[in-house]
Structure formats: C-alpha cells, structure tokens
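Subject: Structure handover and notes

Dear colleague,

I am passing on the structure we spoke about, and I would be glad if you read the notes below with the coordinates open beside them.

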Amino acid sequence: MIDFSLSDEQRQIQSLARQFAKDVIIPNAASYDREESYPAEIVAQAAELGLLNTIIPETVGGLGLGMLEEVIIAEELAYGCMGIYTILMASELGITPILLAGSKEQQERFLSPLLDGPKLAAFALSEPDNGSDAAAMKTRARFEGDEVILNGSKMWISNGGIADLNVVFASFDPEKKHQGTLAVVVEKGTPGLSHQKIHGKLGQRATYTAELIFEDVRVPAANILGEPGDGFRIAMQTLDKTRIPVAAGSVGIARRALDESVSYAAERKAFGKPINRFQAIQFKLADIKIGVETARWQTYYAAYLVDAGLPHTQASAIAKTYASDIAFDAANEAIQIHGGYGYVAEYPVEKLLRDVKLNQIYEGTNEIQRLVIARTLTD
Ligand SMILES: Cc1cc2nc3c(=O)[nH]c(=O)nc-3n(C[C@H](O)[C@H](O)[C@H](O)COP(=O)(O)OP(=O)(O)OC[C@H]3O[C@@H](n4cnc5c(N)ncnc54)[C@H](O)[C@@H]3O)c2cc1C
C-alpha cells in the first residue's frame, strides 16, 4: 500500500517553515531583492529555528533530517523567497559531499562547528570557463608533503566568500580528466583564498554569489574527502541528491504564483465581472495547479528514493527539470493574469519569474538533466 500522508513530525516542520516564510521572509523579501543585500538576520533566525543545516547527522549533534523533511522545508521557504532559500539550500549542498565521502573524523571536525550559530557551507564546482563540462575543471591541486596547494578560480558560488567552509573540486592530473579530480574542504580565512561578489543578477538577489579565487591556497591533505580521484564522482553523487530541494523550491514558487493569481483574479474586474469568471483565466489557474501537484509528487518520490537508499539519479533529474519548467511557466502566467500590474515590483509575481529562471540553470542546467535522464534510458 502507498502512503501519501506526512507524519506528525513532518507536518510540524511544514507548519514551522510556513509560519517563518509568512512572518519573516515574505515581509522582507522585496527589500533584500531590491537592495541586492544579504539577509543575515533572517539566516540567523532560520538557524535558531532549526531550519539551517538540517541534514547534519545526529552523530555530530545535528538534527539529521532526511530528504523528505528537507523538501518540505524547501517548498515553504521558497514560497516566501527563492533567493533567501537558496542561501540555506546551498549550505546543505556544501554539507552533502562531506556526508557522502567524509570520514567520521572529518564529519565531526567540519560539521559540528556549523551548528554553532548561523554558519554556512558552500559547494565550489563551476568555473569561469566550464560549468556543464565540470570534468574540464582548470583549478589545479598539487601535493606537497602532507598538504594540497590549490590554484585557480570557481565561479558563481552561492555563499562563496561568506561560508565558513567550502567544498572545492580541483584537478591534480588533467590527463586523467574526471579520474584526476579531488574534493577538498577549504575553510574560511585560509591564506590565499579570496572572493569577488557577483553583482547584477536577474533574480535571487538576496543570495550572496561570488567568484572564489585560489592563489597558492595550502590545506592539509587530511581535508581531502574520500581519495584523490574521487572528486568528480563525489560532485555528481552530491548533485543527484541536491537537485531535489531545487525541485521543491520550484514547487514553492509555482504554488506562490498560483495563490497570488487566484486572489488577484478574484478581485480584478474587467467587462463588469471578476476576471476569474473568464475561462481563459480559469484555464491558466488550472494549468498552474496541475503543475504544482504533479511536480510536488515527483519531488516527494525522488526524496523517498533517497531516504530509502534506492537509486535516484533519474527521479531527481526528472523532478528538477519538470518542477523548474512548470514553475517558470507558472510565474510567467501569473504575470499575464496580473496584466500590467504583473509587470511591476508592486506585485510579487515579476520577482517569481526572475527568481525561478535560475532553477532551470543551477545544479546542472535542464538540458544537462535531459542528458542525464536520456542516459538512464540508452546507456
Ligand atoms: C546565481 C548562480 C548560482 C550558482 N551557484 C553555484 C554553486 O553554488 N556552486 C557551483 O559549483 N555552481 C553554481 N552555479 C553554476 C551553475 O551550476 C552553472 O552556471 C551551470 O551548471 C551551467 O554552467 P555554465 O554557466 O558554465 O553554462 P555552460 O556549461 O557554458 O552552458 C551554456 C549552455 O549550453 C548548454 N549545454 C552545455 N553543454 C551541453 C550539452 N552537452 N548538451 C546540451 N546543452 C549543453 C547548457 O545547458 C546551457 O544552456 C551557479 C550559477 C548561478 C548563475
């Protein structure tokens, strides 16, 4: 028998996150977006409520929440603001490789300090010259004694520069391509590590996004996750999981687009009646609703597979692609339903469209997701 219900604990987490989005995120989201500023206070409050770094295991003092709980939180917080949620999501993204490949000692050493206040992790894979083709990375790792020396740069890193730790992927043997890569933890303040904040993003402007620059950055070889050679595999296994919260965030955006559109269409009158009396508008609302429900179930299904320890590559790629595509359409239609008012910042729907565009790009573009799905069918 299939059980579609959430547990009492999951419903409590959902209502906590929903309330936080309503009381704290929604009233402040527009100003952080406008100012392109980092919402430190909101992140601190999220940490206090237990909504940050939720996947840190109980063995090192964390909550040890599963993927289903993470997606429940993601939908609610992204309903409030995807840009603010991405800060939290990117931290879970940075933590995931340490959970997948870190030893017990590394998990304790790197993860337990993150529980001490609003501290963040970051995941540094993409580079200025390559994103989709991650195995072509140019950041170099060289071994010297019991140290690794890093040189190069990582582009578009969410939480880059403000995170307490960065999981960095680098190549120690370019000829071996992906087999010549490693994953290593670089802590904030390590000499030679600097960053440049990226300004002028279309959306998700509350997230701090930066280029990370490595100039002879020395880290102990004891910071390498798994073995040298495991880097690319660790990155791909991480993204197989973390695409699911991107899907959930997209569901949150689509649900927000629906709610805003339903209320606007009930109030706005044209030709002497509310616009929700026109079938053309009703069909748009129905289509957004179809997207929200179907994307949520695919997202939950992918999360279930992760939590059950079952293969999830295909399901997570489907969830990420489908949910971000329907959410893009939902935000677009929400603007159409709002007419001219949808086009200005006085109403929240134009921000939904700007924010959701990124969900089709980061953690592997939707073209790359379609390749991932196709490979599960043809290889
Ligand atoms: C705001 C923001 C935050 C981000 N956060 C992070 C982060 O925290 N950590 C991190 O490591 N990265 C991050 N990224 C990077 C993101 O993951 C990459 O931008 C993404 O993977 C695409 O890489 P690219 O930009 O180099 O595009 P490219 O790889 O150059 O792709 C350009 C276009 O070509 C298409 N394309 C490329 N190869 C193929 C192919 N084989 N078949 C079909 N189409 C193809 C792509 O789909 C895309 O449409 C972030 C990006 C942004 C914009």
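What follows goes from the domains to the ligand, then to the strands, the helices and a few single residues.

Please keep in mind throughout that this is a predicted model.

Domains

The domain assignment divides the protein into domain 1 (8-115), domain 2 (121-229) and domain 3 (233-378). The centres of domain 1 and domain 3, taken over C-alpha atoms, are separated by 20 Å, and 23 residues of domain 1 are in contact with 24 residues of domain 3. On the side of domain 1 that touches domain 3, the elements that give two or more residues are α1 (8-35), α3 (67-80) and α4 (82-101). The residues on that side of domain 1 divide into 15 nonpolar, three polar and five charged.

Ligand

Around the ligand there are 23 residues, of which the closest are G131, S132, W156, T365 and E367. Domain 2 (121-229) and domain 3 (233-378) each contribute at least three residues to this shell, and β1 (121-124), β3 and α10 (366-378) each supply at least two. Sorted by class, the shell consists of eleven nonpolar, nine polar and three charged residues.

Strands

Strand β3 (residues 147-158), which supplies part of the ligand shell, is paired with two other strands, as the next two items describe.

- With strand β2 (residues 140-144), β3 runs antiparallel and is joined by five bridges. Here R142 stands opposite I149 in β3, while E144 stands opposite E147 in β3. The two strands form a hairpin with two residues between them, and in the turn G145 has a positive phi of about 60 degrees.

- With strand β7 (residues 209-220), β3 again runs antiparallel, this time through nine bridges. In this pairing K154 stands opposite L212 in β7.

For a sense of distance across the model, R142 and L305 lie 163 residues apart in sequence and 38 Å apart in space, C-alpha to C-alpha.

Helices

Helix α7 (residues 279-307) has 29 residues and reaches 42 Å from its first C-alpha to its last, which is close to the 42 Å expected at 1.5 Å a residue. Just after α7, G309 takes a positive phi of about 70 degrees.

Helix α8 (residues 313-338), with 26 residues, reaches 38 Å from its first C-alpha to its last, close to the 38 Å expected at 1.5 Å a residue. This helix is mostly covered, since 20 of the 26 residues of α8 are buried. Just after α8, G339 takes a positive phi of about 60 degrees.

Backbone angles to look at

Most residues other than glycine have a negative phi. Against that background, two residues may deserve a look when you go through the backbone.

- N159 has a phi near 70 degrees, a positive value in a residue other than glycine. N159 is placed in the loop between β3 and β4 (165-171), and it counts as buried because 28 C-beta neighbours lie inside 10 Å.

- D216 has a positive phi of about 50 degrees although it is not a glycine. D216 is placed in strand β7, and it counts as exposed because 11 C-beta neighbours lie inside 10 Å.

With best regards

Terms used
Residues are numbered from 1 along each chain as its sequence is written. This is a predicted model: local features need pLDDT of at least 70, side-chain atom pairs count only at pLDDT 80 or more; totals for chains, interfaces and linings use all residues. Two strands pair if DSSP finds at least two bridges between them. Helices (H or I, at least four residues) and strands (E, at least two) are DSSP runs, numbered from the N terminus. The expected span of a helix is 1.5 Å times one less than its number of residues. A residue is buried if 20 or more other C-beta atoms lie within 10 Å of its own, exposed if 12 or fewer, and partly exposed in between; C-beta atoms are placed from the backbone. A residue is near a molecule or strand if its C-beta atom, placed from the backbone, lies within 6 Å of it. Ala, Val, Leu, Ile, Met, Phe, Trp, Tyr, Cys and Pro count as nonpolar, Asp, Glu, Lys and Arg as charged, and the others, Gly among them, as polar. Domain bounds come from an automatic or database domain assignment. Two residues are in contact if their C-beta atoms, placed from the backbone, lie within 7 Å.
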